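Here is a report on one protein model. It takes the sheet, then the helix pairs, then single residues.

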Amino acid sequence: MRLGGRPERPCGGKDRVCHHWKRLVDDRWLWRHVDLTLYTMRPKVMWHLLRRYMASRLHSLRMGGYLFSGSQAPQLSPALLRALGDKCPNLKRLCLHVADLSAVPITSLPRTLQTLELHSCEISMAWLLREQDPRVLPQLECLVLDRVPAFRDEHLQGLPRFRALRSLVLGGTYRVTETGLDASLQELSYLQRLEVLGCTLPADGTLRAISRHLRGVRKLRLTVGGLSPAGLALLEGMPALESLCLQGPLITPDMPTPTQIISSCLTMPKLRALELQGLGWEGQEAERVLCQGLPHCVVIVRPCPKESMDWWM
């Protein structure tokens, strides 16, 4: 009986189902890591999710740029990003896909972010420049820039203001030059992980800059375009390098042979993982030679990963 003497209505099947769904939706663990890339939402729906369910529970968020800000252009609202910072104090990772951020100041991003990933996004010329407020993103440790066409040398040279930055991924950032990379890495000597993939930079030039300025780098991944034995030899003796990945497709006529790769790797005292992707060596004699020549390493020889069929990727 309920208070007041009125008989309690029996709980029907639908009520029980609704109760279970409500408990599931209210589960705080369900909202720790949220992926919204599959969904097109109006701001009203996103604001409701933010206020009702995410809030302090949210630790990582992945979303597409089709959170409309009033027009039909897929442009993210600065107010929404600011709200993420205000209402989600535990948000550490933000991944944005196919987003127009050209009208969004970088100061709108949550200050709590440790990882920021931009995939096929537009940014303004003011983003990441050295003149920006040094208090922006004070905890940023990992920055992924994948097919961000506006990113250029000036942006790269502004990254040293993120003093917590330890991991940098450049994918398809074709405006970055060899000179710009060399100048920037001088001030990013504290990086522990660097990936340079699908850019227009020759591998030899990239390795030259790394050998000069990133003696403490632990993980390195790069595309082999323009790689020669002399270029690979620039990595010899790297004292902290633990993982090296060379990624194809193989378009380099002077690509180092397996024996030359072994010779260079044996000079790296901490190397424990060597990965070769898309070089056409899987199942070949080259794979056997590498595995035998580097018994202290995990050697992985495999094709390049398939391109995603999902349009937002």
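Two strands pair if DSSP finds at least two bridges between them. Helices (H or I, at least four residues) and strands (E, at least two) are DSSP runs, numbered from the N terminus. The model is predicted: local features need pLDDT of at least 70, side-chain atom pairs count only at pLDDT 80 or more, and totals for chains, interfaces and linings use all residues. Residues are numbered from 1 along each chain as its sequence is written, and side-chain values use heavy atoms, with hydrogens and water left out.

**The sheet**

Eleven strands make an open sheet. Their order is β1-β2-β3-β5-β7-β8-β9-β10-β11-β12-β13, and the pairing is parallel. The edges are β1 (33–35) and β13 (298–302), each of which pairs on one side only. On average, neighbouring strands are turned by 5 degrees against each other, direction ignored. Axes are lines fitted to C-alpha atoms, for helices over the stretch in contact, and angles run from 0 to 180 degrees between N-to-C directions.

Look at β12 (residues 273–277). It pairs with β13 in the parallel sense over five bridges. Strand β11 (residues 243–247) also pairs with β12 in the parallel sense, over five bridges. Ser243 has Ala273 of β12 as its bridge partner. Towards β13, Glu275 has Ile300 as its bridge partner, and Leu274 stands opposite Val299. Four of the five residues of β12 are buried. Buried means under 20% relative accessible area, exposed over 50%, and partly exposed in between (1.4 Å probe, protein chains only).

Helix α3 (residues 78–87) lies across β2 (60–64) and β3. It runs at about 170 degrees to β2.

**Helix pairs**

Two packed helices are described by the angle between their axes and the distance between the axes. The table gives both values for two pairs.

| Helices | Angle | Axis distance |
|---|---|---|
| α8 (residues 258–265) and α9 (residues 285–293) | about 20 degrees | 9 Å |
| α5 (residues 178–185) and α6 (residues 203–213) | about 15 degrees | 9 Å |

Helix α5 is therefore roughly parallel to α6. Angles under 35 degrees count as roughly parallel, over 145 as roughly antiparallel, 65 to 115 as roughly perpendicular and the rest as oblique. The crossing of α5 and α6 is right-handed. A crossing is right-handed if the near helix is turned clockwise from the far one by less than a right angle, and left-handed if anticlockwise.

Which residues of α5 meet α6? They are Glu178, Leu181, Asp182 and Leu185. On α6, the partners are Gly205, Thr206, Arg208, Ala209, Ile210, Arg212 and His213. Contact means heavy atoms within 4.5 Å. This contact divides into four nonpolar, three polar and four charged residues. Ala, Val, Leu, Ile, Met, Phe, Trp, Tyr, Cys and Pro count as nonpolar, Asp, Glu, Lys and Arg as charged, and the others, Gly among them, as polar.

Helices α8 and α9 are also roughly parallel to each other. Their crossing is right-handed. Pro258, Ile261 and Ile262 of α8 touch Ala286, Val289, Leu290 and Gly293 of α9. Here the division is six nonpolar, one polar and no charged.

**Single residues**

His97 lies in strand β3 (residues 93–97). It is buried, at a relative accessible area of 0%. His97 and Leu118 are 21 residues apart in sequence, yet 6.3 Å apart in space, C-alpha to C-alpha.

Ser124 sits in the loop between β6 (122–123) and β7 (142–146). Is Ser124 buried or exposed? Ser124 is buried, because its relative accessible area is 17%. Leaving aside neighbours within four places in sequence, Ser124 contacts Leu101, Ser102 and His155.
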